Amino acid sequence: MERTVGDDIGTKGCRMGGERHEPPPDGFGAELDQIDALNRLESPRPGPPEQEAPADATEEARARDSLLLSAGHALGDADSLDEALKLVAALYAPDFALDGQVVFSVAEANLVALGQFGFYPGGADRGFRMPMTTGYPAAEVARTGRSVYLASKEEYRRRFPATWHTSARENREAWAFVPLVTAGRVTGVWLTAFRAPVAFTASERALLNATGRMIAQVLERARASRAELELSRGLRRSMRTDGPALTGLSVATRYVPTGGGLMVGGDWYDSIDLPNGRLALVIGDVQGHDVHAAGLMAQLRTAVHAYAAEGHGPDAVLARASRFLTTLDEDRFATCLYIEADPSTGDLHIARAGHPHPVLRTPDGTCLIKHVSGGLPLGLMPGEEDYPVDIVRLHDDEVLMLCTDGLIENGGHDMYTGWVRVRDAFSPGPVEDLEGMADRLMASVLSPEPGAPEGDTGRDGDDIALLLVRRDPGRTRAEVSRRQLMLTVGQDQGEGLAEARAELKALLHDWARPDQVDTAVLLATELLGNVLVHTDQDGALNAYVTGETGQRRLLVEVMDRGDELPHQRTPGELASSGRGLMLLDILADQWGVRPEPEGKTAWFALTEASPADAGDTATA
């Protein structure tokens, strides 16, 4: 039965080839066990067939260069470390009897085995971890960045007495430990073991160093691929998969990456609850299918979300997003379709930037392309950001479909044949099953075409993003009780403030709580006064009362054309100004300031409280 050196380690020493050796120094027990486990395993594969050595040194060098060139081409396409180590094994020659390989990674002052070739599966690359302070050749290479060549067991014993006997197996006679360097930093170590002694001539060392550089590149590509995959998974998780909980509208979404090997590409969708009670629906597509496109998509999606949350209209959101994309990457553009939906009326305010038109499905299943005005893709021509807004009313049980071009063109279709396929999948089925509609649309694209090869899933084209929005029937929307007040106070109309206060009081004549009426009048006066005092613009006031008596909501908006946004301050006791936003923050149920395409709007909201609440407050 074959024995390995590590089998005889004990307190009285160890033997190899009949010789007695001293026990290892104290403190190396755990490290030696690790190395012994690494080297104990015999290679399960038979050795390469014996080959005839080259006739002279020149022929030998040429043969080795040829092997290296062939391996180099293959390593340039390798996607994994395991594949790379298998390719390197082809460098075997009778005088270069490469028998086993291990790649160590440097992580947190430890050596960790990442992969191996020539050992039993699960041996060298499972749980191997060694401190960098160990007297082991790979640890020295990681510390110093210099290769270690051990041409024989005797040299191994002389240079590394603490660990040599656990690695010096009878059927392995020479070892090389080569640093793996990335961006000037040692990130790993490549161990090669040989069945016969190797002189490690200058040409052989050059061969090993060149191969080590190629393995380092493969390792870096594998790490980058893992990072890209994690990035794309995170971006995909960040997309909302559930529809908004708004009365009157239902939303279904789907996303499927079909190319590039990532979990997400440049396509995206979003649904955003706006401060005015409306809903923003967005779908877009950044040029490209690589991780750069995914990164740009994430930034652009965040920017669109931020502009929408600030209260910009559809045209302003797209114009700002286009300028934002230009600052990020002048070589990429994106298409986008942005909708601001009013659940109470079904009105959709749509702006389009080079994106495919939406598709409207009527309650009887008829599908038609809804042509809307549009502008250039985002980031395509700086300074040409003009995005007209169309208004489309969505009626009960009508469904609007937004998608990226992958849904239409994947599978080799053009825009016409792809549209026919989408129409045939979109038309059937009950309108109540919005999720079923989305599933049918995706299946029509991802299912193999008739006559396609077995195993073909149709995922060989562009990514697909899909968003469906339906107006739900049986809801009380525009019929809800509503009052409205609109007026403008000019810079030269000093009496306008008094008139505005009187009209707002009249609008709230039957409000349950008189103190809330006083609060509304005070806050509206503050907002109008800020416009007249701090700008040279007129102030426009809009007030809306909606809901049933006892549960009504008051929304007051004051608009002006000034660009400067107000800022909350902390005035001193004797200050004569600076308290307007403080009052809003204390007295209003909700408030905010949003920029407009021209100017800004400051607003606040109050919810009607019952008279009993006033009594409780007074008692308290």
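Predicted model: local features only at pLDDT ≥ 70, side-chain atom pairs only at ≥ 80, totals over all residues.
Trainee: At what angle do helix 11 and helix 12 pack, and how far apart are their axes?

Mentor: The angle is about 145 degrees, and the axes lie 9 Å apart. Helix 11 covers residues 415-426 and helix 12 covers residues 434-446.

Trainee: Which residues of helix 11 and helix 12 meet?

Mentor: From helix 11 come Arg 421, Val 422, Ala 425 and Phe 426. Helix 12 supplies Met 437, Arg 440, Leu 441, Ser 444 and Val 445. By class, the residues of this contact are six nonpolar, one polar and two charged.

Trainee: How many helices and strands does the protein have?

Mentor: There are 16 helices and 23 strands.

Trainee: What share of the residues is buried?

Mentor: Of the 620 residues in the protein, 48% are buried. The accessible surface comes to about 29,300 Å², and carbon and sulfur atoms hold 51% of that area. For contacts with a separation of 6 or more, 65% join residues 24 or more positions apart.

Trainee: How many disulfides are counted?

Mentor: A disulfide needs two cysteine sulfur atoms within 2.5 Å. By this rule the count is zero.

Trainee: Is Cys 336 buried or exposed?

Mentor: The cut-off for buried is under 20% relative accessible area. Cys 336 has 0%, so Cys 336 is buried. Cys 367 is also counted as buried, because its relative accessibility is 12%.

Trainee: Where do Phe 200 and Asp 397 lie?

Mentor: Phe 200 is in the loop between strand 8 (185-194) and helix 7 (202-238). Asp 397 is in the loop between strand 16 (389-393) and strand 17 (399-403).

Trainee: Is Phe 200 buried or exposed?

Mentor: Phe 200 has a relative accessible area of 5%, so Phe 200 counts as buried.

Trainee: How far apart are Pro 161 and Gly 135 in sequence and in space?

Mentor: They are 26 residues apart in sequence, and their C-alpha atoms are 8.3 Å apart.

Methods: Residues numbered from 1 in each chain as written. Heavy atoms only, no water. Axes fitted to C-alpha atoms, helices over the stretch in contact; angles between N-to-C directions. Helix = DSSP H or I, 4+ residues; strand = E, 2+ residues; numbered from the N terminus. Contact = heavy atoms within 4.5 Å. Nonpolar A, V, L, I, M, F, W, Y, C, P; charged D, E, K, R; others polar. Buried < 20%, exposed > 50% of the residue type's maximum accessible area, 1.4 Å probe, protein only. Areas by Shrake-Rupley, 256 points an atom, 1.4 Å probe, with all protein chains shown as cover.
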